[in-house]
Amino acid sequence: MNRMLTTSHFTRIFRVSAWYDIAVTWPYATPFTLPLMHDVLNAVHGAAGWAPIPEFSPFATLFANFFGTVVLIWSVVRLHLNDPRLARYDALGRFLFSSWMIYALSMGVSPIVWVFLVIEISFGILQALPVRSTNSGASAAEETA
């Protein structure tokens with residue numbers, strides 16, 4: 001049984017991951033939208049019976065805005081170039097982000113992070129899977145490396 005993804009399935013996965021990144025990170029990209037996201041996260045915390053999330057300091061806001069901006073740009077680049085090879089780099093980034101999330105969870109950060117961690121690891125694994133070559137002479141590694 002061939003467990004490799006087809007190029008079209010792989011392309012759909014990496015494009016969905018880029019759209020997911022846009023949907024999740026756009027609120028972090030500006031100092032005007034970040035407080036709205038903070039309010040949403042606090043509402044989730046309240047509904048779950050968890051302690052409120054601390055307010056962002058100006059320094060934390062700056063880095064959240066950096067994060068949001070860079071992820072938005074990276075997502076748009078992936079969508080615009082539509083190059084499946086970029087998914088391999090994105091997978092590496094997702095594994096690194098997952099590492100930082102695991103570290104933060106070990107330090108007592110919000111349990112909401114578990115949801116994002118599962119999604120990050122899932123997209124990372126999917127974007128690291130081998131892809132079936134569509135060219136008879138090209139290997140999957142050449143096609144997606």
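**Close-up views of salt bridges, cores and a helix pair**

Asp83 has a relative accessibility of 19% and therefore counts as buried (under 20% relative accessible area, with exposed being over 50% and partly exposed in between, for a 1.4 Å probe and protein chains only). The model is predicted, so local features need pLDDT of at least 70 and side-chain atom pairs count only at pLDDT 80 or more, while totals for chains, interfaces and linings use all residues. Residues are numbered from 1 along each chain as its sequence is written, and side-chain values use heavy atoms, leaving out hydrogens and water.

**View 1. Salt bridge between Asp83 and Arg85.** The closest N and O atoms of Asp83 and Arg85 are 2.7 Å apart; a salt bridge is a side-chain nitrogen of Lys or Arg within 4 Å of a carboxyl oxygen of Asp or Glu. Arg85 counts as partly exposed because its relative accessibility is 39%. By this rule there are six salt bridges.

**View 2. Network of salt bridges linking Asp21, Arg78, Asp90, Arg94 and Glu120.** Asp90 pairs with Arg78, with closest N and O atoms 3.2 Å apart. This pair links distant parts of the chain, since Asp90 is in helix 4 (residues 85-106) and Arg78 in helix 3 (residues 58-81), 12 residues apart. Helices (H or I, at least four residues) and strands (E, at least two) are DSSP runs numbered from the N terminus. Asp90 and Arg78 are both buried. Asp90 also forms a salt bridge with Arg94, at 2.7 Å between the closest N and O atoms. Arg94 and Asp90 lie four residues apart in helix 4, about one turn of the helix, and both are buried.

**View 3. Largest nonpolar core, with nine residues.** Its members are Leu5, Phe10, Ile13, Phe14, Tyr20, Val24, Ala87, Phe123 and Val131. Helix 1 (residues 7-25) gives the most, five residues. A nonpolar core is a set of buried Ala, Val, Leu, Ile, Met, Phe, Trp, Tyr and Cys residues joined through side-chain atoms within 4.5 Å. A second, separate core has seven residues, including Tyr28, Leu34, Met37 and Ile53.

**View 4. Helix 4 and helix 5 (residues 113-128), whose axes come within 8 Å and cross at roughly 150°.** This angle makes the two helices roughly antiparallel (over 145 degrees; under 35 is roughly parallel, 65 to 115 roughly perpendicular and the rest oblique). Axes are lines fitted to C-alpha atoms, for helices over the stretch in contact, and angles run from 0 to 180 degrees between N-to-C directions. Contact means heavy atoms within 4.5 Å; among the residues making it are Asp90, Arg94 and Phe97 of helix 4 and Trp114, Glu120 and Phe123 of helix 5.
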